[in-house]
Amino acid sequence: MPTAVEITDPLLTTYTRVLPIGPGVCDVCHGAPGTGWTRCWSCKESVEQVSCPAELVVPISLTVLDGQLHHVLRNYKSPFYPETVRQRLRIEVSALAARFIAQHGPCIRAEAGEEWDCITIVPSSQGRTGVHPLEQALRMFRYLGKHYRPLLTPGPERASHNRASDKAYSVTGSVRDLRVLLLDDTYTSGARVQSAASALQLAGARVVAVVPIGRVINPGYSGESAALWKRAKERQFDFEVCCLER
């Protein structure tokens, strides 16, 4: 299989850089807060609805709903696409995650002040059967696969848009004192990610950071969102830079 660099270099124009936290950038998800606020409404809601939210969120790329990256993140797990297509899209997802984490793992560790022991994912909240496609994707590259551990399953409650819950996910075994890097494919309101992070931390783990592959932005939602998207598109995505580098 080609290397992560060989897979992702031709796709650079489909990624959009994530701006560092600062004026006009949410202090949690790097989305767009309202004027005069440091945190977007969705993050405020999701963080307040759980007991132990994640403190550090490091998106790889911004994406819009009709963008190419969002197409990949939606359809690499879609049952309506042939397996050959889903496999090709899984390779793209895996390569993007592997390259970013390999290159910016030191940035994340420095910001968090600690290392992680393992990588896990936010599972489907809809009772998906079989191995989750994101797990399949992570196992394609040894760098990610050797650190991966399945730690969560859907819980008795369901997380949904802007609706987070400590009970949306259950841990699969003992996670006490385990330091975890939590990955998700798509971050919209943050409810699923914060629900998963809280479940892990209530069980005794420490979520070192959350890494969403695509942070969804809707430029038409508000003037602030449009301004953030415009700023993000001013320079081409570059794997040499991440949102933690101010």
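**Stop 1: the largest cavity**

Both α3 (68-75) and α4 give at least two residues to the lining of the largest cavity. Bear in mind that this is a predicted model. Select Leu 11, Thr 14, Tyr 15, Gln 68, Leu 69, Val 72, Glu 92, Val 93 and Leu 96 to show the lining. The space inside the largest cavity is about 50 Å³. Colour the lining by class and you get six nonpolar residues, two polar and one charged. How many cavities of 30 Å³ or more does a search of the whole structure find? It finds one.

**Stop 2: helix α4**

Stay with α4 and select residues 83-112. That is 30 residues. Now put a distance between the end C-alpha atoms: they are only 38 Å apart. A straight helix would reach 44 Å at 1.5 Å a residue. Where does α4 bend? Centre on His 104, where the bend is about 60°. A proline, Pro 106, follows within four residues. Step on to Gly 113, which follows α4 and has a positive phi, near 80°.

**Stop 3: helix α7**

Is α7 mostly covered or mostly open? Mostly covered: ten of the twelve residues are buried. Show the side chains of the buried residues, among them Val 193, Gln 194, Ser 198 and Leu 200. Then display what the buried residues of α7 pack against: α2, β2 (118-121), β3 (152-154), β4, β5 and β6. Just after α7, pick Gly 204, with a positive phi of about 105°.

**Stop 4: the second largest pocket**

Next comes an open site. The second largest pocket holds about 440 Å³ of space. It has 19 lining residues. Select Ser 42, Thr 188, Arg 215, Tyr 221 and Ser 225, the closest of these to the pocket centre. α2, β6 (206-216) and α8 (223-232) each bring at least two residues to the lining of this pocket. By class, the lining of the second largest pocket has nine polar residues, eight nonpolar and two charged.

**Stop 5: Thr 16**

Select Thr 16, in the loop between α1 (4-8) and α2 (41-49). Why does Thr 16 count as buried? Because its relative accessible area is 5%, and buried means under 20%. Show the residues that Thr 16 touches: Ile 60, Ser 61, Leu 62, Trp 229, Ala 232, Lys 233 and Phe 237. Residues up to four places away in sequence are not counted there.

**Stop 6: two positive phi values**

Finish with a pair of backbone angles. Select His 30, in the loop between α1 and α2. His 30 is not a glycine, yet it has a positive phi of about 70°. Is His 30 buried or exposed? His 30 counts as buried, at 1% relative accessibility.

Now select Asp 177, in the loop between β4 (169-171) and β5 (179-187). Asp 177 is not a glycine either, and has a positive phi of about 65°. Asp 177 counts as exposed because its relative accessibility is 65%, and exposed means over 50%.

Note on methods:
Residues are numbered from 1 along each chain as its sequence is written. Side-chain values use heavy atoms; hydrogens and water are left out. The expected span of a helix is 1.5 Å times one less than its number of residues. The bend at a residue is the angle between axes fitted to the seven residues ending there and the seven starting there. Buried means under 20% relative accessible area, exposed over 50%, partly exposed in between (1.4 Å probe, protein chains only). Contact means heavy atoms within 4.5 Å. On a 1 Å grid over the protein atoms alone, a cavity is a set of points where a 1.4 Å probe fits but cannot get out, and a pocket is an open set with protein on both sides within 12 Å along at least five of seven lines; lining residues have an atom within 4 Å of a point. Grid points are joined across faces, edges and corners, and a volume is the space filled by probe spheres set on the points. Ala, Val, Leu, Ile, Met, Phe, Trp, Tyr, Cys and Pro count as nonpolar, Asp, Glu, Lys and Arg as charged, and the others, Gly among them, as polar.
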